[in-house]
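Welcome! Here is a short tour of some contacts, surfaces and spaces in a protein model.

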Amino acid sequence: MTNVHAARQRQAVRAFGWRDRVGYLFGDLGNDFTFIFASAYLTVYYTNVAGLNAAHVGTVFLIARLIDAFTDVGWGRFLDRHSPGRGGRFRPWIARMAIPVAVASTLMYAPFTADWDYPVKLGYAAATYLVWGSIFYTTTNISYGSMVSVISEDPRHRASLSVFRGLGANSAGLIVSLVPPLLIYGMVDGRSQIVPFRFFATALVFSACAALFYFLCHAGVRERVEAPEPTERRGFGRLLRVLAGSRPLLVVIASNIVIMLASLFLSTMAAYLWLYHFNNGAMSGPSQLAMYVPGLLLAPIAARIASRFGKKEVLIAALLGAAAVYLLLYALRVSDPWVFVALNLLAGFGIGFYNLLVWAVIADVIDSEELRSGERDDGSIYSINTWARKVGQAVSGGIGGYALAFVGFQSGNPVQSRSTVEGIYALATLVPGVLFAVAAAVLMLFPLNRARVAAQTAELDAAHAARNREA
């Protein structure tokens, strides 16, 4: 399909509106009904149900995310180079891969593996985690995230899409954090413990919901922006060399690695904190809920605040606020569960701003690279950024497992030593606090402030108008 033909076909697509916003929201509901579930509960499933050593679990996570260096970027390059169909370049893959993602997610939590020989169940855990995360989840997530830049060229529309994506993520976080702890835990001999079959049934339901949400996303959104056709398509090596000189992209990558490390430390350690420090696994739901409710409250105003003060400026202030709260939690050594939840709620406002606005920042980076190079590589840039986030996940999963082993955690043991419990508390508070502060410092180097984004939008509008006249 030529660019002229594709451009004419795009003109027939309905105007950007609420269907796109709501459809885009459903896409991140689909992503996070499996991703947040895995982030919050997969480690504790591996250690407390499957009986895997925490350090071995960390190694599995680390290796899987390194493999993502190839699958994420490879899929992004495929999306940029293949000829789009009538449904667009990215949108069709969200529906095509919905069911494979759901099946792979469910298989990770099969309770019958607990009775297998240790090497076999460790191999099964590694294989199913790789199939879900490095293959099927990659295809939907990269396609979904890359699509934001082709739904609309208007930065206000993109900001609203980022907010609706954040609204979807926070809604998923609210449900995934609140509901599973009510189902998967039970009291055994006076101690809160996991019930394996309930765990599996919960994973099955949440995976099926994810597939449904992907189909709703596919039905709601439309692609409207056609990438310019270069005279000579860049090879992947040249693309990487060009992107290596992109300060906006490098800063976003660095900040995302740190943010994901902090966020996943919070999610991973929450189950252990509530099981052993507070002796109430079911309370991990309200605690995690407090992290997502602020995002829902901020959703109606986040885009307007970013428009007034700038996305970069808002994100730095928000992350510094979250860092201060977690450092305070560490200093206070909170023993009252509701005080802990209340302070988590306060920190959630800082994290909420970041989750609502970060995807609009990626769209700004993609625009910046189009101005700098004359080529638009939405899928490649998004996939490189996503891989960076997965590096954060890898480091979090790896260090999280090793850190648990370092503080003396004993897999499958309902009782842990006092020093181990104190170590878990530090991992759940001090580490995220420091990391959020580091991420804020990194973002201070981001060159696309409010004024620069406005200027580059005007430049791109003029360039696109000239190209359309020539077509």
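## Salt bridges

A salt bridge is a side-chain nitrogen of Lys or Arg within 4 Å of a carboxyl oxygen of Asp or Glu. By this rule the model has five salt bridges. The model is predicted, so to speak of local features a pLDDT of at least 70 is needed, side-chain atom pairs count only at pLDDT 80 or more, and totals for chains, interfaces and linings use all residues. Residues are numbered from 1 along each chain as its sequence is written, and side-chain values use heavy atoms, with hydrogens and water left out.

Let us begin with Arg418 and Glu422, whose closest N and O atoms are 3.3 Å apart in a salt bridge. The two are separated by about one helical turn because they sit four residues apart in helix 16 (residues 418-443); helices are DSSP runs of H or I with at least four residues, numbered from the N terminus. Arg418 counts as exposed at 68% relative accessibility, while Glu422 is partly exposed at 45%. Here buried means under 20% relative accessible area, exposed over 50%, and partly exposed in between (1.4 Å probe, protein chains only).

Asp28 and Arg165 meet in a salt bridge of 3.4 Å, N to O. This pair links distant parts of the chain, with Asp28 in helix 2 and Arg165 in helix 8, 137 residues apart. Asp28 is buried because its relative accessibility is 5%, and Arg165 is buried at 3%.

Another salt bridge joins Asp20 and Arg224, with the closest N and O atoms 2.9 Å apart. Asp20 lies in helix 2 (residues 18-48) and Arg224 in the loop between helix 9 and helix 10 (236-243), 204 residues apart. Both Asp20 and Arg224 are buried.

## A pocket

The second largest pocket has a volume of about 420 Å³. On a 1 Å grid over the protein atoms alone, a pocket is an open set of points where a 1.4 Å probe fits, with protein on both sides within 12 Å along at least five of seven lines; lining residues have an atom within 4 Å of a point. Grid points are joined across faces, edges and corners, and a volume is the space filled by probe spheres set on the points.
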